Amino acid sequence: MSFLSFIMRAFKLKPSWNGTPEMFLALVLDMQHRNNPVYSLNEVLQWGEVMQKVISVKLDPFKSFPDLLQNGIPDYALVKKMGTKLDRIEPSSGIEESHLWRTH
């Protein structure tokens with residue numbers, strides 16, 4: 001563990017989200033979709049809750065993440081930029097083909 005992450009954990013500092021709430025919503029929706037292509041309201045709410053515990057997010061003018069999910073319009077600009085980079089990385093990981101995950 002690096003010294004910086006140790007200090008952040010000791011003082012409970014979290015990185016802050018510099019994008020808009022709508023960009024955060026798009027990120028959460030994308031993460032849920034990458035995890036499970038079938039849309040699930042419960043999963044989206046869980047992802048939103050977890051991400052807010054990891055990253056400090058200001059949701060103003062929305063009251064909460066469920067309010068953002070219901071009334072916000074996702075802004076996929078950042079997700080599209082990240083998506084192309086992630087898509088380049090994911091095929092090379094081959095975790096499902098890895099010998100570490102074989103059951104036989």
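Is Glu-49 buried, partly exposed or exposed, and at what relative accessibility? Select Glu-49 to begin: at 46% relative accessibility it counts as partly exposed, where buried means under 20% relative accessible area, exposed over 50% and partly exposed in between, with a 1.4 Å probe and protein chains only.

Before going further, note that this is a predicted model, in which local features need pLDDT of at least 70 and side-chain atom pairs count only at pLDDT 80 or more, while totals for chains, interfaces and linings use all residues. Residues are numbered from 1 along each chain as its sequence is written, and side-chain values use heavy atoms, with hydrogens and water left out.

**The whole chain**

Colour by secondary structure, and the protein shows 5 helices and 0 strands, helices being DSSP runs of H or I of at least four residues and strands runs of E of at least two, numbered from the N terminus. Of the 104 residues in the protein, 26% are buried.

**Two salt bridges**

The structure holds 2 salt bridges, each a side-chain nitrogen of Lys or Arg within 4 Å of a carboxyl oxygen of Asp or Glu. Lys-53 counts as exposed, at 58% relative accessibility.

Select next Arg-34 and Asp-30, whose side chains meet in a salt bridge of 2.9 Å, N to O, and which both lie in helix 2. Arg-34 is partly exposed at 31% relative accessibility, whereas Asp-30 is buried at 17%.

**A buried Glu without a partner**

Move to Glu-43, in helix 3 (residues 41-54), which is buried yet has no salt bridge, the nearest side chain of opposite charge being Arg-34, 13 Å away. Its side chain is instead joined to that of Asn-36 by a polar contact of 3.0 Å, that is, a pair of N or O atoms within 3.5 Å, of which one must be able to donate a hydrogen and the other to accept it, residues adjacent in sequence counting only if both atoms are side-chain atoms.

**The nonpolar core**

Finish with Phe-24, Leu-59, Phe-65 and Leu-68, which touch the most other members of the 17-residue largest nonpolar core, a set of buried Ala, Val, Leu, Ile, Met, Phe, Trp, Tyr and Cys residues joined through side-chain atoms within 4.5 Å. Helix 2 gives the largest share of this core, 6 residues.

Key. Lys, Arg positive; Asp, Glu negative; His and termini not counted.
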